Amino acid sequence: MKNKEILLVPGPTPVVDEIYEALASETRGHTDPRFVAIYKRAIENTKKLFNTDGEVFVVAGSGTLAMEMAIVNTVAEGERLLVISHGYFGDRFISLSKAFGIEVDILQAEWGKRVDVAFVKEKLSTGAYKAVTITHADTSTGVSSDLEALIPIIKEAGALAIVDGVVATAALQEDMSKAYGGNEDYKIDIVLTGSQKAIGIPPGLAIIAFSQQAIAAREALGTVRAYYADIENWRPVMDNPASYFATPPVNLIYAYDKALDIVLTEGMERREQRHISYGRAVRTALRTYGLMPLADEMAAAPTLSCILYPEGVDDTKFRSSLAARGVIVAGSLAHLAGKAFRIGHMGNTKEEQLAEAITAIGEVLGEQGIKVDIQEAVKIFNNTIARESKAAL
Ligand SMILES: *Cc1c(COP(=O)(O)O)cnc(C)c1O
């Protein structure tokens, strides 16, 4: 199956042929040894992806289920959670936690900016938080979080560090064995993600990794207010994928196994570098059209950008004209709806696809009366990537 359109919404992302082929493999029973071997390998490779000696869970669901699994397995009713939010998806932890009777506090940045680390430190000093959530990259604003600064202060405060990697995992490094600030006690406790963003397979998998400390936190809770989302029901399956709790999405697991092979073959260091350079190149090229990213460049996510429209550009017309050219981008959320669009540059998206998108965006802006130099923009796009990849050598 060939992709007919360039899907640059911030998830789902373009699915490459090898993954479609894996997806179309014959569906087998979930206890068939041939499937079990693939599931087992996917689970082992998920541990490699996060470099964890903890436990991972790969189940049918979406990123939101993984968010729920993170919270419900670590924080009990009445306990306190701190949410560091850089937009819509950070905020999602608030309503999620309230649904479980958790006492939630929030530090919200102005859209496009990062929460000041000093505020986080101050907030953590005011009370015993069981856990803190960080959205590694927020899909509404294109703002990424500074894990280097945040993980040490969260761990120093004795809280669990929960990282929402839904638009970061498999693009940005999330190394759960890394000792942040050089301290062996300062490590990420949970990373959660979904299948359809930088991993590059269709929607439908919730993926989450727990450190030993996070597993201990689950055990200390005794019972939790969940059934499908209770990791205790899944631990035996992840340990022995021939056992049953609820039917795994067999074909998606084939696809995920293939995707992990692609990711681990490229290597996370190179993959992160590639994403950083794609992000810079897209934003630099778009600036030549007068399109400004919402996020400060220092805080800009390598995986997607939220781009403000210049005066006079109509959102609906812009996106439908682009779609007519086979390039699909997303609108914006909340108060930015109609004022900005979002473009993904992650996963297995190719440089040529992004260059095509830069061209198409230039054409559509031209139609709306904006003066653009498409050749120049594409040249800047290509040069930025060339310079970045040379710098990475
Ligand atoms: C997409 C996204 C989610 C939600 O994932 P779903 O698969 O839509 O449930 C959560 N967090 C972030 C950062 C996301 O980008």
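A: Helices (H or I, at least four residues) and strands (E, at least two) are DSSP runs numbered from the N terminus. The model is predicted, so local features need pLDDT of at least 70 and side-chain atom pairs pLDDT 80 or more, while totals for chains, interfaces and linings use all residues. Residues are numbered from 1 along each chain as its sequence is written, and side-chain values use heavy atoms, without hydrogens and water.

The ligand is surrounded by 13 residues (a heavy atom within 4 Å), of which the closest are Ser62, Thr64, Thr139, Asp164 and Lys197. By class, this shell holds five nonpolar, six polar and two charged residues, where Ala, Val, Leu, Ile, Met, Phe, Trp, Tyr, Cys and Pro count as nonpolar, Asp, Glu, Lys and Arg as charged, and the others, Gly among them, as polar. Helix 3 (residues 63–72) gives the most to the shell, namely three residues.

Among the polar contacts (pairs of N or O atoms within 3.5 Å), a polar side-chain atom of Ser62 is 2.5 Å from a ligand oxygen atom, and a backbone N or O atom of Gly63 lies 2.8 Å from an oxygen atom of the ligand. On the nitrogen side, an N or O atom in the side chain of Asp164 is 2.7 Å from a nitrogen atom of the ligand. Of the 380 Å² that the ligand exposes when taken alone, the protein buries 90%, by the Shrake-Rupley method with a 1.4 Å probe.

Turning to the fold, seven strands form an open sheet of mixed pairing in the order 2-10-9-8-5-3-4, pairing being at least two DSSP bridges between two strands. Strand 3 (residues 80–85) and strand 5 (residues 131–135) run parallel and are joined by four bridges, and Leu82 has Val132 of strand 5 as its bridge partner. Helix 4 (residues 88–99) packs on the sheet, touching strand 3, strand 4, strand 5, strand 8 (160–164) and strand 9 (190–194), with contact meaning heavy atoms within 4.5 Å.

Two backbone details remain. Most residues other than glycine have a negative phi, and most peptide bonds are trans. Gly11 and Pro12 are joined by a cis peptide bond with omega about -5°, and Pro12 is found in the loop between strand 1 (6–7) and helix 1 (17–23). Ala170, although not a glycine, has a positive phi of about 80°, and Ala170 lies in the loop between strand 8 and strand 9.

Notes: Polar contact = N/O pair within 3.5 Å; in protein donor to acceptor, adjacent residues only side chain to side chain. Axes fitted to C-alpha atoms, helices over the stretch in contact; angles between N-to-C directions.
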